[in-house]
Amino acid sequence: MSAVTLARIGSALTNRICPHIDMSDYPENQTEQDKDQARISRALAASYIAYRTGCDPKTAADAVTDGFDDEGIDAFKFDQMNDHLLIVTSRWTSSGKVKFDKAEIAKFVSGVRKFLNVDLDSFNSKFTARKAEIREALF
């Protein structure tokens, strides 16, 4: 992907979705550059949710679960209209050269299994706060 395309995508995420992304859980001792990259990565996950469900940027941003103890799941949303459960992992880099290694994929797969079994004990508070929504989507 060209640098221009990546810059356009990054700009769109920054302008449309980033203002709605919750970063209150992000460690304060991190650099602004790291925080911005995490924010855009979260916005990328939200962007996919918005794209697939047609929801507004704020609703999509509310679907983000990224953070420590997210078990590899960065966002999820139950699309009642189409009866689809979307579970998303994402990562943003301005170079566009990011890869998921086997350990990260295994973590995501394990996280999805736990999610589908509503075994949320190891998940962060963003998941436990949405336990009723998870149950509704699954059952």
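Student: Hi! Looking at Pro57, how accessible is it, and how does it count?
Tutor: Pro57 is partly exposed, with a relative accessible area of 31%. The cut-offs are under 20% relative accessible area for buried, over 50% for exposed and partly exposed in between, with a 1.4 Å probe and protein chains only. A word on the source: this is a predicted model, where local features need pLDDT of at least 70, side-chain atom pairs count only at pLDDT 80 or more, and totals for chains, interfaces and linings use all residues. Residues are numbered from 1 along each chain as its sequence is written, and side-chain values use heavy atoms, with hydrogens and water left out.

Student: Thanks! Which helix is Pro57 found in, and what does it touch?
Tutor: Pro57 is in helix α3, residues 57-62. Helices are DSSP runs of H or I with at least four residues, strands are E runs of at least two, and both are numbered from the N terminus. Leaving out residues up to four places away in sequence, Pro57 touches Arg16, Ile17 and His20, where contact means heavy atoms within 4.5 Å.

Student: New topic: where is Glu71, and is it buried or exposed?
Tutor: Glu71 is in the loop between α3 and β1 (75-79), and it is buried, with a relative accessible area of 13%. Glu71 also has a positive phi of about 55 degrees although it is not a glycine. Most residues other than glycine have a negative phi.

Student: And Asp83, what is its phi near?
Tutor: Phi of Asp83 is near 55 degrees. Asp83 is in the loop between β1 and β2 (84-88) and counts as exposed, at 59% relative accessibility.

Student: Last one: how many residues line the largest pocket?
Tutor: The lining has 23 residues, and Asp66, Asp70, Asp74, Ser90 and Arg91 lie nearest the centre. On a 1 Å grid over the protein atoms alone, a pocket is an open set of points where a 1.4 Å probe fits, with protein on both sides within 12 Å along at least five of seven lines, and lining residues have an atom within 4 Å of a point. α2 gives the most to this lining, with 5 residues.
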